[in-house]
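The following note sets out numbered points on the salt bridges and pockets of the model shown here. Please read it alongside the sequence and coordinates.

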Amino acid sequence: MVTRNLDVEEGLVNGSFGKVSNIVRKTKDGTETVQMLGLTLDNPNAGKNHRRKVQGEDDDLVYIERSEESLRKGVVRRQFPIKLAYACTAHKVQGMTMQSAVVSLKKIFEPGMAYVALSRTTSLRGLHITDFNEKKIYADSAVTASLRNMTRASFGGIMPLLQKTRETEVDQHFKIIHHNTEGLSSHIEDIRRHHELLLADILCMTETHLTGSFISPHLQLQGYNAFMRNRQVSYSTHQEIAKKDGGGVVIFCKEHISAQPRQFIQNVTDLEFVVIKVDSPVQLTIAAVYRPPSYSLKDFLDNVKSLLDYLEIAEKHPVIVCGDFNEDLLGTGKKAVLELFQSKGYAQLITTATTKKRTLLDHIYISHPDLCLQAGVLHSYHSYHNPVYCILRT
């Protein structure tokens, strides 16, 4: 067995098994020494870069040389990093997979040891047990107690959006989802495979972490048009934020929906946002907003107020503003963002936690709450934030 990590990328690592198939000797000044050992490894794909090192040898062995190790000051040990391995401890074989093995349960002394040893083979046919004693196969009592005390998970509401669209005609509803992706590039495949996200007619995303002026083809969603605004172009006076990585907003709109962006809005100079006006199949204005945690609340509120003033004057349709506002509506203290929207006649639709730490940071504000049939929180495994959604009458 190899006892050191010689080439991790090539799989020539501590714990690799094999046979010594060749001994390469060298004679110097009449003294013969062993220069290299040729190994036939159990893993035929390991150590490919360490083969054919000996001229004249027509083989496919993996050749290793002596390794040096400092023991104490002035003392160096040079030896081949292998040792006889007709057997291994259960601790040593953790994580290994093999076709066959002989397992002795004679000296099992810890909970879980027997499980580790018995679960190394790929089939029962390859497992041979000696010194069998069923009392040696046991779990830690703390694990057993924890399993007994675990609360049973409820699957109610796991797929609220999918369930809603199954119960009634999909075309009768207009579905809007907001999701803080924590990096669109990192999670685009997760998003494409999410069972509910692509049911959205409008999919708003914050913290896209994108740069540049367009979305590259590999980040597009099939069947959607994209409207984006990155952090770097979102701030006029707060360049310290514009220079930081992260942030960014994008709205994906299904291709059959008629929608136009509203890019330049008076007095909105320092805000990460995208606004689109939807003309059919519903008449609606949608804004997605992201507030960085370090952004001054006062400056943020000033810009959001300017945005709401514009939407109130210029857009006569119902308005929805969604995003990650980094204001926990479940926590204590003043709720300045919520109060601003409420002063403008908006209702906030999300009432349960949206993050893994049970905070409610992701909000959906609507100017005409009577249009909302249902709203809530979806589930996601790939982000700290869970998506939030609302379903509107058409």
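1. Lys305 and Asp309 form a salt bridge, with N and O 3.2 Å apart; the term denotes a side-chain nitrogen of Lys or Arg within 4 Å of a carboxyl oxygen of Asp or Glu. Both residues belong to helix α6 (residues 297-314) and are four residues apart, about one turn of the helix. Lys305 is partly exposed at 38% relative accessibility, as is Asp309 at 23%. Here buried means under 20% relative accessible area, exposed over 50%, and partly exposed in between (1.4 Å probe, protein chains only).

2. The model is predicted: local features require pLDDT of at least 70 and side-chain atom pairs count only at pLDDT 80 or more, while totals for chains, interfaces and linings use all residues. Residues are numbered from 1 along each chain as its sequence is written, and side-chain values use heavy atoms, with hydrogens and water left out.

3. The structure holds 13 salt bridges. One of them pairs Arg231 with Glu272, whose closest N and O atoms are 3.0 Å apart. This pair links distant parts of the chain, 41 residues apart: Arg231 is in the loop between β10 and α5 (239-242), and Glu272 is in strand β13. Helices (H or I, at least four residues) and strands (E, at least two) are DSSP runs, numbered from the N terminus. Arg231 is buried at 5% relative accessible area, and Glu272 is buried at 0%.

4. Lys334 and Glu339 also meet through their side chains in a salt bridge, at 2.9 Å from N to O. Lys334 is exposed, with a relative accessible area of 64%, whereas Glu339 is partly exposed at 38%.

5. The largest pocket has a volume of about 1100 Å³. A pocket is an open set of points on a 1 Å grid over the protein atoms alone, where a 1.4 Å probe fits, with protein on both sides within 12 Å along at least five of seven lines; lining residues have an atom within 4 Å of a point. The volume is the space filled by probe spheres set on the points, which are joined across faces, edges and corners. Its lining comprises 37 residues, with Phe17, Cys88, Val93, Met96 and Met98 nearest the centre. β6 gives the most to this lining, with four residues.

6. The second largest pocket contains about 340 Å³ of space. Among the 17 residues lining this pocket, Met228, Arg229, Asn230, Val233 and Gln263 are closest to its centre.
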